[in-house]
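Please open the structure in your viewer and keep the selection panel at hand.

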Amino acid sequence: MTTRLADIAAQAGVSEATVSRVLNGKPGVAATTRQSVLAALDVLGYERPVRLRQRSEGLVGLITPELENPIFPALAQVIGQALTRQGYTPVLATQTPGGSTEDELTEMLVDRGVAGIIYVSGLHADTTADMQRYDRLRAQGVPYVLVDGFSPKVQAPFISPDDRAAMNLAVTHLVSLGHTRIGLALGPKRFVPVQRKIEGFVRTMQDQLGLGAQTVETELVQHSLYTLEGGQAAATALIERDCTAVVCASDMMALGAIRAARQRGLDVPKDVSVVGFDDSPLIAFTDPPLTTIRKPVPAMGQAAVRTLLEEIGGTPAPHSEFVFMPELVVRGSTASAPGERGRS
């Protein structure tokens, strides 16, 4: 140990006592001197103490709800690559049913000295959640950016796709194919992206088909879970209400909708058209290839990193929402409406 201290001291041009203070995290050492000692450690091939290593390498936490939906790994990959290019080390923390909560994961990351945190589809998207948790985090001096969801109660940068515009794209496409009985399958109503999709869906159905808002919401909107099984259940209910097309709030739900149609002996897209949301990896290779709304994942992920690094660097972005335009990708799961089949 004494030999090592002497080597580091000589390399850094400081005393052994100063090296000892840096390695033990003691105060009273100038920032430039501390960096010289850490650089000497690296040059000589010594491992930095864990606590120093975590802070000096710039860890950034990324909290996602789960990884079963392929859109989350896709977003995590974009964010991770963008962080790595900027010299930061991404730390992926995933919530799973029965596992760690968002608050527990946040505490774990803060304890490890992360430089900042990016939240994807977190509690900030839940209108029933207590938003004070984010105020407490800011009071601790930890910068953060929130992706997919918005709350006026949280003073932070938000990164979102335009959910209302997405529904306009989907409905306009289906109406152009002759569909007039179009259903919407999505998650629980307490989530901001769900509420925005409903707003966009209702408005477009009013504008293009002259339907009343009450009729659309009560007859053509079906809430379920963001899973294949959830999409199957929602689509079954909508098909039973004579919908010839179903817009889904995720690609996983859309795959469930296709399964629901087939279980009833219906063909997709001849009898029922299905539109997904996300354009997840490999979704172009399903049977049939899925028409979907492409979420601008690369642009959103890079914007989240850029915004967070501005926060970390002391030049925070405006505490507002950056909204990114989605894109309609037409493939094989949508086709002309089957006429008046099944309608009274």
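The mean pLDDT of the protein is 91, and 95% of its residues reach 70 or more.

Next, select residues 340-344, over which pLDDT stays under 50. The model has eight contacts for this stretch beyond four places in sequence. Where pLDDT is low, the predicted coordinates should not be read in detail.

Now select helix α5 (residues 71-85) together with helix α13 (residues 297-312). Their axes come within 9 Å and cross at roughly 45°. Because of that angle, α5 is oblique to α13. The crossing of α5 past α13 is right-handed.

Show side chains at the contact between the two helices. From α5, select I71, A74, L75, V78, I79, A82 and L83; from α13, select V297, P298, G301, Q302, V305 and L309. Which classes of residue make up the contact of α5 with α13? It comprises 11 nonpolar and two polar residues, with no charged ones.

Remain on helix α13 and select E311. Is E311 buried or exposed? E311 has a relative accessibility of 9% and therefore counts as buried, the cut-off for buried being under 20%.

Terms used. Residues are numbered from 1 along each chain as its sequence is written. This is a predicted model: local features need pLDDT of at least 70, side-chain atom pairs count only at pLDDT 80 or more; totals for chains, interfaces and linings use all residues. Side-chain values use heavy atoms; hydrogens and water are left out. pLDDT is the predictor's confidence in each residue, from 0 to 100. Contact means heavy atoms within 4.5 Å. Axes are lines fitted to C-alpha atoms, for helices over the stretch in contact, and angles run from 0 to 180 degrees between N-to-C directions. Helices (H or I, at least four residues) and strands (E, at least two) are DSSP runs, numbered from the N terminus. Angles under 35 degrees count as roughly parallel, over 145 as roughly antiparallel, 65 to 115 as roughly perpendicular and the rest as oblique. A crossing is left-handed if the near helix is turned anticlockwise from the far one by less than a right angle, and right-handed if clockwise. Ala, Val, Leu, Ile, Met, Phe, Trp, Tyr, Cys and Pro count as nonpolar, Asp, Glu, Lys and Arg as charged, and the others, Gly among them, as polar. Buried means under 20% relative accessible area, exposed over 50%, partly exposed in between (1.4 Å probe, protein chains only).
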